[in-house]
Amino acid sequence: MTKKRIAGACLLLMLSLQGTISQASSGASELKPYSQISWNYLKTLTGFGPRNFGSPGYTKTLELLQEVGKKYADAVEVQPFVFPGDNGEKLTMSNVVMRFKGTKKGRPILLGTHFDTRPFADEESHPALRSRPILGANDGGSATAVLLALAEYLHQHKPERSVELVFFDGEDFGEKGSGENLLGSMHYASQLRKQNMEDWPYCVIIIDMIGDRELEIFKETHSVKSASWLLDIIYGIAEKEKIPQFRPQSKYTIFDDHYPFIGLGIPSVVLIDFDYPHWHKMTDTLDKCSPESLFAVFFVVVKALGEI
Ligand SMILES: [Zn+2]
């Protein structure tokens, strides 16, 4: 995937704005430690190596998610599901759900991401590299790290509305065009279908690929159609707090883990920077990410939880 970078002067201006969030921002100093906490989680995750289904890194990630969930969440649940693999084999994948009770009644906010990484670097130009699993520092790692830091935050700061942090499996599993993607979120949505609608999430916010050092999060088009009011809250906060990584223009149409929930009629958005030259390549490594980018998203999401 190649996308045009913003040219010349405009890029320089953007980079100059992308420092740490202004200390004048309300609550920025109180939240600041979560920049390092998120970054540490990202270092841990990438230290596990590739985290595609069945890999040692995948197993370690599942263990970490459960460990963090047990420590910080009111309840943690592993939701296994079976996916038919090649040659009739049955693959058991797992979503992990951390539940945090709110101080007021009402349906929960689902905050989700995928924790799996791409099993093959199929965007590499060199054929020899295309069968190798990617490290997924940004794609799979960055948003997982932010949600893990949010688990710590929500343990310390009870939300008003209940929150479910959901770590989806199998988002990046299948080959292009195979339809074998979004496996965890499709399973989760299919389970919701069996439940009373009163127990469904009030809204869904998915984050994915938010670690890019040159982070620019545009409004994704399915999200605009599904829940423009929710994007208004999120981008309104970013504007008020002067967080330049959030760009209010609409760009990209992406089938991410929000899509199965849109199918249920639940207001759902994805926050993603798809303009990432290392997407599905071996070069998606930690040095392409920054703590400032993780924190920009952490900060806006935390603020949004208080306004939904
Ligand atoms: Zn991906």
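Is Ser290 buried or exposed, and what is its relative accessible area? Ser290 is buried, at 6%. Here buried means under 20% relative accessible area, exposed means over 50%, and partly exposed lies in between, with a 1.4 Å probe and protein chains only.

This is a predicted model, in which local features need pLDDT of at least 70, side-chain atom pairs count only at pLDDT 80 or more, and totals for chains, interfaces and linings use all residues. Residues are numbered from 1 along each chain as its sequence is written, and side-chain values use heavy atoms, with hydrogens and water left out.

**View 1. The whole chain.**
The chain holds 9 helices and 8 strands. These are DSSP runs numbered from the N terminus: helices are H or I with at least four residues, strands are E with at least two. The C-alpha trace spans about 60 × 50 × 35 Å along its principal axes. Of the 308 residues, 56% count as buried. Contacts are heavy atoms within 4.5 Å. Among contacts with a separation of 6 or more, 79% join residues 24 or more positions apart.

**View 2. The zinc site.**
Three residues coordinate the zinc ion: Asp139 (OD), Asp172 (OD) and His280 (NE2), at 1.9 to 2.2 Å. Donors are N, O and S atoms within 2.8 Å of the metal (3.2 Å for Na, K and Ca); water is not among the atoms, so sites may look incomplete. Along the chain, the donors follow the spacing D-x32-D-x107-H. Asp139 sits in helix 5 (residues 137-156), while His280 sits in the loop between strand 8 (268-272) and helix 9 (291-305), so this pair ties together parts that are 141 residues apart in sequence. Asp139 is buried, with a relative accessible area of 1%. His280 is buried too, at 5%.

**View 3. Around Ser290.**
Ser290 lies in the loop between strand 8 and helix 9. Which residues does Ser290 touch, not counting residues up to four places away in sequence? They are Trp39, Gly211 and Arg213.

**View 4. Around Ile266.**
Ile266 belongs to the loop between helix 8 (259-262) and strand 8. Its relative accessible area is 2%, so Ile266 is buried. Leaving aside neighbours within four places in sequence, Ile266 is in contact with Leu192, Trp200, Pro201, Tyr202, Cys203, Val204, Ser226 and Phe261. From Ile266 to Glu175, 91 residues apart along the chain, the C-alpha atoms are separated by 28 Å.

**View 5. Helix 6 and its partners.**
Helix 6 covers residues 183-193. Its buried residues are Leu183, Gly184, Ser185, His187, Tyr188, Ala189 and Leu192. What do the buried residues of helix 6 pack against? They pack against strand 1 (75-84), strand 2 (90-100), strand 3 (109-114), strand 4 (163-168) and helix 8.

**View 6. Two positive phi angles.**
Met209 has a positive phi of about 55°, although Met209 is not a glycine. Its place is in the loop between strand 5 (203-208) and strand 6 (217-219). Met209 counts as buried, at 1% relative accessibility. Lys242 also has a positive phi of about 55° and is not a glycine. Lys242 lies in the loop between helix 7 (221-240) and strand 7 (246-250). Is Lys242 buried or exposed? Lys242 is exposed, with a relative accessible area of 65%.
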